[in-house]
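Hi everyone, thanks for coming. Please have a look at the sequence and the model, and then I'll walk you through a few places in it.

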Amino acid sequence: MALATKKQIKKVVLAYSGGLDTSAIIPWLKENYDGCEVVAFCADVGQGEEELEGIKEKAIASGASECHVVDLKEEYVKDYIYPILKTGSVYEGQYLLGTSMARPVIAKAHVEVALKVGADAVCHGCTGKGNDQVRFESCFAALAPELTVIAPWREWDMVSREDLLDYLAERDIPCAASLTKIYSRDANAWHISHEGGELEDPWCEPSKEVWTMTVDPMDAPDTAESVTLSFEKGELIAVDDKKLSAYEALMYLNDKAAAHGVGRIDIVENRLVGMKSRGCYETPGGTVLMAAYKGLETLILDKESLKFRESVGLEFSHVIYDGRWFTPLAKAQLAAAASFAEQITGDVVVKMYKGNATVTQRRSPNSLYSEAFATFGADDVYDQKHAEGFIRLFSLSSRITALSQKDAK
């Protein structure tokens, strides 16, 4: 990333959310970088109309010269979520990477706006404690290393919400934020995350106020509901026989799964910067998608192929969590997963009930499952006597080791 003095910065593109932090960043940039022009950039990754309502007006009122709202919803789902789905990546066994996987598409659009308007720098509102600063800045470095990166939380002396509110009040800059905010949330088409408040104590059970996207599983319908997902070469092409775009399909699954309380997790994870954090995540449609895809994989991939694909998923979960999307390593791992996905064609039925998403039916023209071989009944295709020789060879090293140890005594 380029280094520059404050006087050299003439135009900055800020990743703007309309919240307290970025509302304060706009005037702070103009005051601390010699009156530079601030252009606001907002990525629409499916966080919802409420968060985007009036965002251009808010940015201008805070001092931005203009505000670019870029619709990334379809690109996000098709070009980032679907490829990651093919890897089967789950971070530390539970987290479906909802925040992590949105960062590359946002950073890419951020850079594109910066280059379009002729900016010298890009700016984000990430704190010095979180993962996102690394994710965004790693992407900036890979895509436009000539741009200077400004991270106000690593520069200014404000340390609390009270400081930020006072800062805006002194300048008569309107902001809807207040001191009553309890949780820090991040939403996109794939999920919503919740941190802060009582969640900072890992011994404290999340209250009902934490969850905003899904029905409490205890209050979910007493009748199960099933959805049918159809895949072709690893791509979701239909849900319940409806041909939908990538984004529309995810929204459909979100609505269905959220009504049954599917997709809630409460975890303590290892952040990239070294500390542990506790968060609650809601990923309703994503949970169904992941279950369906894996259900089809088990029908199609042979043992060694599935084992390798699982190893790719484990490694890629760290690559995407750590913000290394635009790297040769990520490209290679995505290519490996895509090669296996060429065979993932078929239909899967997932039953949703009281917070659970369970695969109940699966079929594929590429299935390796053979009832003739797998049956517990009589068959004429498998001679069970052949198993004896296989077992003797398979366990030969163990037999030799035991005999050697016996002879040594």
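**A walk through the model**

Let's start with aspartate 240, which sits in the loop between S9 and helix H8 (246-258); helices here are DSSP runs of H or I with at least four residues, strands are runs of E with at least two, and both are numbered from the N terminus. Before going on, please remember that this is a predicted model, where local features need pLDDT of at least 70, side-chain atom pairs count only at pLDDT 80 or more, and totals for chains, interfaces and linings use all residues. Residues are numbered from 1 along each chain as its sequence is written, and side-chain values use heavy atoms, with hydrogens and water left out.

Aspartate 240 has a positive phi of about 50°, although it is not a glycine. Most residues other than glycine have a negative phi. With a relative accessible area of 23%, aspartate 240 is partly exposed. That term covers everything between buried, under 20% relative accessible area, and exposed, over 50% (1.4 Å probe, protein chains only).

Lysine 233 also has a positive phi of about 50° and is not a glycine. You'll find lysine 233 in the loop between strand S8 (225-232) and strand S9 (235-239), and it is partly exposed, at 46% relative accessible area.

Now to helix H3, residues 55-62. Which residues of H3 are buried? They are Ile55, Ala59 and Ser62. These residues cover an arc of only 65° around the axis, so they are on the same side of H3; the arc is taken from the directions from the helix axis to the C-beta atoms. An α-helix has 3.6 residues a turn, so residues three or four places apart point the same way. The buried residues of H3 pack against helix H1 (20-32), strand S2 (37-44), helix H2 (49-52) and strand S3 (66-71); contact here means heavy atoms within 4.5 Å. After H3 comes glycine 63, with a positive phi near 120°.

Last stop, the inside. The largest nonpolar core has 79 residues, and Tyr76, Leu229, Leu236, Val288 and Leu289 have the most contacts inside it. Such a core is a set of buried Ala, Val, Leu, Ile, Met, Phe, Trp, Tyr and Cys residues joined through side-chain atoms within 4.5 Å. Helix H5 (residues 98-117) gives the most to this core, with 10 residues. Another core, of 30 residues, lies apart from it, and includes Val12, Cys42, Leu52 and Leu165.
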